[in-house]
Amino acid sequence: QARRRNGDFELEEFVAPTAWREVVVGAEVAAQMDLSLGDTVVPIHGIAGMPGSHPHPQDACELVGILAPTSTAVDRALWVPMGAQLSISDHYPFPGNPGDDGVKRTGDDLLISAVVINPVHRMGPLYFKKAFQTRNDAQATSPQDDLVKLFDLVGDVSLALRMVALLVLVVGAIAIMVSIYNTMNERRRELAIYRCLGARRWHIGAVVVMESVVLAGGGALLGLLLCHVAAAGSLELVRERLGVRRDPGAFTWDELYLLLGSIGLGGLAGLLPAAKGMATEVAKHLAPSS
């Protein structure tokens, strides 16, 4: 309600019930502000310490819950009953100014920026969105559909990163192949001696392929370990900047597939050097080198 005073309107003082003065905070909010259950949270209009900001100690709320970390925006949010937010002193929760049109306001006139709805029926979002298409005072949106449109617009960044990673793997396999292939000329005498000692051609080929597999697999394993070490080192920075929490010691199936794929790619890279080593002529390369 509003009353006229000296030509201006001002709100009647309203004190929210004690049951409304409760707040639940996300895990990151509690950690940054060093909050614990039972503490008092005072709402501030604006940014604390900046010009124009002012606190509302008369509308302070008691902290009754701290949510578990979710690595989402929930970790950086504070949750209070709607009645407590609407009853903050000197803030009019209706459009316009108090009493400017002489119309008594009701709950239908409250200024609410957004409402999150989780329909029970799986077709609920479709029906709900269709019903709001004809309204000019509100609109309904489905985050799932909008995210799909966004990815279609800007492209799948994760797919691009995967393609870059695949290109790096292919280039690494080619480097291994070229490196081992170039050493075959220097190892022909060594391979000829192996043949004289009873090694068959496929033994020579298997040794060369195994060498390529060890290089590729060892490099992939070392890369995965370095990634986890880097993730552990940047854990706090990522949490502060992006609000994402992740266990650096947690391994996924994708990493196992990456390791196995690198080993297979290394085996393919060793086939050409192995073929060259298997073609070594024993008599020609056993002659004295000096």
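## Close-ups of a predicted fold

**View 1. E211, at a relative accessible area of 29%, is partly exposed.** Here, buried means under 20% relative accessible area, exposed over 50%, and partly exposed in between, using a 1.4 Å probe and protein chains only. A word on the model before going further: it is predicted, so local features need pLDDT of at least 70 and side-chain atom pairs count only at pLDDT 80 or more, while totals for chains, interfaces and linings use all residues. Residues are numbered from 1 along each chain as its sequence is written, and side-chain values use heavy atoms, leaving out hydrogens and water. The side chain of E211 forms a salt bridge with that of R187, at 3.1 Å from N to O. This pair links distant parts of the chain, 24 residues apart, with E211 in helix α7 and R187 in the loop between α5 and α6. R187 has a relative accessible area of 17% and therefore counts as buried. Searching the whole structure turns up one salt bridge (a side-chain nitrogen of Lys or Arg within 4 Å of a carboxyl oxygen of Asp or Glu). Helices and strands are DSSP runs numbered from the N terminus (helices H or I, at least four residues; strands E, at least two).

**View 2. Helix α10, residues 271-278, has a buried face.** The buried residues of α10 are P273, A274, K276 and G277. Seen down the helix axis, these buried residues fall within an arc of 160 degrees, so they line one face of α10; the arc is that of the directions from the helix axis to the C-beta atoms. Their cover includes α5 (157-183), α6 (188-196), α7 (201-233) and α9.

**View 3. P273 sits in helix α10.** With a relative accessible area of 0%, P273 is buried. Not counting residues up to four places away in sequence, P273 touches M177, I180, Y181, M184 and V208 (contact means heavy atoms within 4.5 Å). Although P273 and I180 are 93 residues apart in sequence, their C-alpha atoms are 6.2 Å apart.

**View 4. S262 and L258 both belong to helix α9.** Helix α9 spans residues 253-269. S262 counts as buried because its relative accessibility is 5%. Leaving aside neighbours within four places in sequence, S262 contacts L169, A216 and A220. L258, by contrast, counts as partly exposed at 36% relative accessibility.

**View 5. A nonpolar surface patch covers about 640 Å².** Its members are L159, M163, L166, L169, V170, I174, V178 and L258. Helix α5 gives the most to this patch, with seven residues. Patches are made of residues with over 30% relative accessible area and no salt bridge, where like charges are joined within 9 Å and nonpolar side chains (Val, Leu, Ile, Met, Phe, Trp, Tyr) within 5 Å. Accessible areas come from the Shrake-Rupley method with a 1.4 Å probe, and for residues only the protein chains shown count as cover.

**View 6. D75 lies in the loop between β7 (61-66) and β8 (78-79).** D75 is buried, with a relative accessible area of 0%. Its side chain makes a polar contact of 2.9 Å with that of T70. A polar contact is a pair of N or O atoms within 3.5 Å; within protein, one must be able to donate a hydrogen and the other to accept it, and residues adjacent in sequence count only if both atoms are side-chain atoms.
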